[in-house]
Amino acid sequence: MSKKWLSLISMVLAIGMVAVLAVGCGGPAKTDSTEIKIGGDFEITGGVANFGKSTVNGIQLAFKEVNAKGGILGKKIVLVLADNKSEPSEAANAITKLITQDKVVTVLGPVASSNVLAASQIAIDNKIPLLTATATASKVTVGDDGKVKDYIFRACFIDPFQGEVMANFAAKSLKVKTAAIYVDNASDYSKGLAQVFEEKFIKNGGQIVAREAFLAKDTDFKSALTKMKASNPDVIFIPAYYQEVGLIVKQARELGMNTPMIGTDGWDSPKVVEIAGAAALNNTFFSNHYSPEDKDPHVTSFVEAYKKEYGQVPDALAALGYDAALMLIDAIKRANSAEPAKIKDALAQTKNLQVSTGILTLDASHNPVKSAVVIELKDGKQTFKEKINP
Amino acid sequence: MDSSSFLMQFAQQLINGVSLGSIYALIALGYTMVYGTIKLINFAHGDVYMVGAYIGFFATTVLGLGFLPALLLAMVGAGILGMFIERAAYRPLRNAPKIAVLITAIGVSLFLEYGSMLLVTPQPRTFPAVLSSTPIHIGGLIINSQQVLILGVSLFLMVVLTYVVNYTKLGKAMRAVSFDTDTARLMGIDVDKVISYTFAVGSALAAAAGVLVGVYYNSIDPLMGIMPGLKAFVAAVLGGIGVIPGAMLGGVLMGVIEALVSGFISSTFRDAAAFGILIIILLFKPAGLLGKNIREKV
Amino acid sequence: MTLLKTSKLGIMFGGLRAVSNLNLEISSGELVGLIGPNGAGKTTAFNLLTGVYQPTEGTIEFDGDSIVGLKPYQVTQRGIARTFQNIRLFSDLSVLDNVKIAYHFHVKYGLLETVVRMGRYYPEEEELEHKAIQFLKIFNLDGKKDEIAKNLPYGEQRRLEIARALAAQPKLLLLDEPAAGMNPQETHQLMEMIRWIRKEFDLTILLIEHDMSLVMGVCERIYVLDYGMVIATGTPQEIKNNPKVIEAYLGEEVQ
Amino acid sequence: MRVKAKRDLLSLGACLLLYAIIQLLIEVDVIGQFWVLNIVLIGINIILGVSLNLINGFTGQFSIGHAGFMAVGAYVGAVMTVKLHLPFIVAILAGAAGAGILGFAIGLPTLRLSGDYLAIATLGLGEIIRITILNIPYVGGASGLMGIPRLTNFTWVFFATVFTVFFIKNFINSSHGRACISVRENEIAAEAMGVDTTKYKVMAFTIGAAFAGVAGALFAHYFYIVHPASFTFMKSFDLLTIVVLGGLGSITGSITAAILLTFVSAALAGYPEMRMVIYSLMLIGLMLFRPQGLFGNKEISLKFFNRLKGGSPRDAA
């Protein structure tokens, strides 16, 4: 490469950087009266970028649909995205930018509970509602003092609910006495569920015979599985996301473990079947918001629309993102205003809202009350096992 | 647990460890080769491995190729990519401080990760089953045919590489460049070309690893190269970086350590143990297990 | 009074005996040369004396104490300073800083005084600078005190290295081929300077040199090393006429 | 000398003035929340960059585990306020002490290694620290430690930054600092000149780690939560980038690079999908353009800048 060329590239880069700086420092964006700006503080890069992407896809689909129908209050709804690099401090940074620079009226996101917790205080301080589609930790909506955080909402189950559902399912439906827990040590979602499951399972008279951990993005699970096999559990609880779940189930079966395996809504993705293979997944169960067998038109139309838009079947995060967007749209409509305080009040009163995953009502703690279903994977097909009401 | 079942478990963990370790070794081979020649920690190596896996993925799914053609295509593609990276990002810095090149390597690594994320989305893809996978049972122990294949391939490549480095003209040139770049140039060796080929070979190896791992775990994503890349580097250092059999030894050792720690101590401390053992070994053998400790002449 | 005494000093590298049975005895104030053909073990002997290598056998006594097992910096602090065959300056630092660093272990102020710049910091730094410049003056380098060491011409780099070694205020100065790469005129000046600094600083000097004119001209006593062993010792005149020495240098006569 | 003492006071005065101006702009809301946050981040990054520069740039020890020490400072600091209800200043000092002690304990054995081996060892140590934190339920493990009060503000960060910069600048310009630099320049010659190289390597490492701890404690008390995800080896790489981009052995360089990179990151927040791609290209471009870093190992000598940022050209004291 010639020197000249090199310095040319460097010059271009330097100019580009200055330009970026100039744009970035350009101060608060102007508010356009024909649109409603919603912030999206998401994991676009970094460790859980795939979850962030799914959730954003779901949200954007919902916004697109509503805009195609003329928007709300006569305005288009626009999602302004900011990346939090899958990291709490960046989540705080991103939400600050969204609120103070972009002047959004509500913020959707982030995915991980820890990132939501870092962002939520800033939302509260600025009196901007924050609606997370996916953060399951109880503390997200309720403070340490036990008070409900005014401006913070969520669209997903909380850890205690799903953990209890699966603990009960293991004890009562599978009638097992011993369980092993295989947890993603880097994920608060996973750890939160594991903790609740353990408590409830023991309360139901069960016994935890093994606790093993992996780290997100691991690909080899055989060592821990071999160890688990030796303790001979009746069931293995794997509160994790589909990519790792697929690999774990596959490798467990390869090691000759025919134990039933159970999990939570993170399992919901066709990838699980693709990775593990249909046969390996027999005798596995997980809790979810809805069952695809459920021929509810809301479910099928969502799945179809999503497939059409992105060329893939939605996973649980996409569905929850879509639901969160629907909740917000509904709240703005009911508030008949795009003022943050009014949106907040309307969100709190969300009731019997039809979303893709069912009928949703927010309780006093800003957590959705909706029934869960337990799904069995049979030859790669999701089949309805039982329904559990909260 | 009685002693026989303990032994069984121990043996199974060894199998798990060796199979995991052969994957580290496969990636470490390319790492160590590049380092051996130009003393650069090529942090983008793990990402070239990822790109290789994606080339293999698209070759099998879109082009409908079989395993071997896809593997070759991935190796060629990654080889070209490797040469390009070296040409564009590393060669202009040949005489710059090493640490500057390291930062560039980190830049390249980020570029590959997030560039691919833009191109292929961050969602994982599933590799089609282009190779059969049959569990083999040996008296209660279980091993997968693909694991045997991966181990075989890495051993094979290790032997081939050792041969190339020690007995071929290119290998001799590589060692000459590694020993003293300026003298090598004076001896009529086209240093740029040698380094370029080194990157091509190293990257092709990474791609081979990527495709094999893609088939074995059948799930790939744009960030899949980060941890294996780091661990492979650790493995290479453990074995003695720059030494080809060292990469193999280091890789297998890392795998076995991880398996034994998860199997008998605690899986939560698996990675910490791997790094810890690396540090302890370095303190006693500062150049790694098979590395020669070259003392500065005073 | 004996300043340095080694007895049966030796070191093995793998199977190679680089230095063996080395017995040196140097009195205070002496100026001694250490010569020998290439690979005779001269620099290795220096490295043994300064703690860079640990001997596999034998003893080193300096100023009445054993210094075997000490680290190089401890040896220096006891009073042995050296220069290197291949110049080892702090090449990106200024000439002045090079000398100041050698002064380092005489500085008394602590970390706290450093950071808040109180107490002994300013007075000592002032004195340090003053002394460093004094040393540079001796070597005629004070005019170049702010230049970067690696930009100096070769001869000046050699001088700077000696100045730096002197700044460590040693009792014994080890010079490893101080005249290497110098022209006869420079060598001559160096010779004068070596004599002068010995007198001025009341030093004992041991030097390795290939340049016979320098060794013969300046040293009072010479040790000749071959294959790691002392093969002769004596005054320059004695050495010149020693058949063993001639053989070592010119090779064995064909029989 | 008198002149130099006077110049120190002068730059200190300039710092106070700068502080007053920015604080005023914040009070009257000319600098909004977002930029306050980024100024705080800049301060924290300066502390991290300058302290890592002491290890990498001045002492020449290739360390890439700085995020680990930052993590220790953050967690120790947060435990002080959240669990033990101690005042903020105690948290900062405890964070510094915790990271410093760990730096000492780790540095003593590992600094025998050199070059790339030291690099990989420190990288490994950083990861070990993070994994260990993941496994301590007392500090929240994977959920992070929550409920940390926001005690850090511009004032704290500003003065901590000024203190760090002055501390390290004064250290470097002392006999101790020169001993550290001599280790970088030529370890064998340094030993031969009576410099206890191990001691100075460990000293630089300990001081660097302690300041990373300060930065960690400030960081923890600004973002309400500390989480292991904030301290991965990517964070260490970011910090290394600050040091190398600014110039190894240039304090003002690290300061400039910290400001530049934080601004770039903030500016790129508006392009979430392209952000890392642009960032990585910039990194490559800047390195090709200036492999020795923005300032090499020189300090900026423009007086106004020097006073403004509290840095100073290396005085030939």
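Is A:F201 buried or exposed? At 0% relative accessibility, A:F201 counts as buried. Please keep in mind, as you look around, that this is a predicted model.

## Rings that meet

Over all chains, the count comes to 48 aromatic pairs. Another one to look for joins A:Y182 and A:F221, which are arranged edge-to-face, with 6.1 Å from centre to centre and 90° between the planes. A:Y182 belongs to strand β6 (residues 178-184) of chain A, while A:F221 is in the loop between β7 (207-214) and α7 (222-231), so this pair ties together parts that are 39 residues apart in sequence. A:Y182 is buried, at 2% relative accessible area, and A:F221 is buried too, at 1%.

In chain A, the charged end of A:K370 sits over the ring of A:F157, 5.4 Å from its centre. In chain D, the charged end of D:R150 sits over the ring of D:Y222, and here the distance to the ring centre is 3.9 Å.

## The nonpolar cores

In soluble globular proteins, nonpolar side chains tend to be buried together. In this model, the largest nonpolar core has 334 residues. A:Y182, already met above, is one of the two residues with the most contacts inside this core, and the other is B:Y90. Helix α2 (residues 33-58) of chain D gives the core its largest share, 16 residues.

What is B:Y90 in contact with, leaving aside its neighbours within four places in sequence? Its contacts are B:L40, B:N42, B:A44, B:I85, B:V101, B:T104, B:A105, B:V108 and B:F199.

There is also a second, separate core, made up of 51 residues. A:V66, A:Y241, A:A335 and A:I343 are among them.

## Two chains, each with two domains

The domain assignment of chain A gives domain 1 as 35-157 + 295-370 and domain 2 as 160-288. Chain C is likewise divided, into domain 1 (1-79 + 170-255) and domain 2 (90-167).

| Domain pair | Feature | Value |
|---|---|---|
| Chain A, domains 1 and 2 | Distance between C-alpha centres | 28 Å |
| Chain A, domains 1 and 2 | Buried area | about 1,200 Å², 59% of it on carbon and sulfur atoms |
| Chain C, domains 1 and 2 | Distance between C-alpha centres | 27 Å |
| Chain C, domains 1 and 2 | Buried area | about 1,200 Å², 81% of it from carbon and sulfur atoms |

In chain A, the contact takes 17 residues from domain 1 and 14 residues from domain 2. A:T136, A:F157 and A:A316 supply 38% of the area that domain 1 of chain A buries against domain 2, more than any other three residues. A:F157 is also the residue whose ring lies under the charged end of A:K370.

In chain C, 18 residues of domain 1 are in contact with eleven residues of domain 2. On the domain 1 side, C:Q77, C:M193 and C:F201 lose the most area to domain 2, together 32% of what that side buries.

## Backbone details in the loops

A few loops deserve a visit too. The peptide bond from A:G109 to A:P110 is cis, with omega near -25°. A:P110 lies in the loop between β3 (106-108) and α4 (113-126) of chain A.

Which value does phi take at C:Y227? It is positive, about 45°, although C:Y227 is not a glycine. This residue is found in the loop between β10 (221-226) and β11 (229-234) of chain C, and at 67% relative accessibility C:Y227 counts as exposed.

D:H85 likewise has a positive phi, near 55°, in a residue other than glycine. Its place is in the loop between α3 (66-82) and α4 (88-110) of chain D. D:H85 counts as exposed, at 63% relative accessibility.

Notes
Residues numbered from 1 in each chain as written. Chains lettered and ligands numbered in written order. Predicted model: local features only at pLDDT ≥ 70, side-chain atom pairs only at ≥ 80, totals over all residues. Heavy atoms only, no water. Phe/Tyr/Trp six-rings, centres within 6.5 Å; stacked < 30°, edge-to-face > 60°. Helix = DSSP H or I, 4+ residues; strand = E, 2+ residues; numbered from the N terminus. Buried < 20%, exposed > 50% of the residue type's maximum accessible area, 1.4 Å probe, protein only. Lys NZ or Arg CZ within 6 Å of the ring centre and 35° of its normal. Core = buried A, V, L, I, M, F, W, Y, C linked by side-chain atoms within 4.5 Å. Contact = heavy atoms within 4.5 Å. Domains from an automatic or database assignment. Buried area = accessible area lost by both parts, 1.4 Å probe.
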